[in-house]
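Reader: Please take me through one part of this model closely. I would like the surface first, then what surrounds it.

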Amino acid sequence: MYNYFLRGNVYGRDVKADFKAKDLGGYEVLDLMFEISSTVNLIMHEETMTDDKGNVTPYTVYEARAVDADGIVCSYKLKLAQESDRTYLNLLMQLQGV
């Protein structure tokens, strides 16, 4: 499959946070996004999930989003490839002041 990542530099070391499609068909969607736009943005936002017992769990949603020349938005939810990618992503965001 393909590799989608956010690259940066942390303390003089080149690092990247790897993302995966949530299902195999998602790789085709991601390829399509890079065909319709040279820039695919990473959008992150918080959501909550409530279980059957009423327990609320917050989580972060990672979404790739591209907009074509006509303004049509294509988006697809991603997941981090592994836990260490969450650490790299958090460091990259802090260094950027996000």
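Author: Leu6, Leu42 and Met44 make up a nonpolar surface patch, and together they have about 200 Å² of accessible area. A patch takes residues with over 30% relative accessible area and no salt bridge; like charges are joined within 9 Å, nonpolar side chains (Val, Leu, Ile, Met, Phe, Trp, Tyr) within 5 Å. A salt bridge puts a side-chain nitrogen of Lys or Arg within 4 Å of a carboxyl oxygen of Asp or Glu. Areas are from the Shrake-Rupley method with a 1.4 Å probe, and for residues only the protein chains shown count as cover.

This is a predicted model: local features need pLDDT of at least 70, side-chain atom pairs count only at pLDDT 80 or more, and totals for chains, interfaces and linings use all residues. Residues are numbered from 1 along each chain as its sequence is written, and side-chain values use heavy atoms, leaving out hydrogens and water.

Leu42 sits in strand 3 (residues 41–50). Strands (E, at least two residues) are DSSP runs, numbered from the N terminus. Leu42 counts as partly exposed because its relative accessibility is 31%. The classes are buried under 20%, exposed over 50%, partly exposed in between (1.4 Å probe, protein chains only).

Tyr11 is in the loop between strand 1 (4–10) and strand 2 (13–21). Tyr11 is exposed, at 72% relative accessibility. Its phi is positive, about 50°, although Tyr11 is not a glycine.

Cys74 belongs to strand 5 (residues 73–80). At 17% relative accessibility, Cys74 is buried. Beyond its neighbours within four places in sequence, Cys74 contacts (heavy atoms within 4.5 Å) Val29, Met33, Ile36, Ala64, Arg65 and Ala66.

Terms used:
Helix = DSSP H or I, 4+ residues; strand = E, 2+ residues; numbered from the N terminus.
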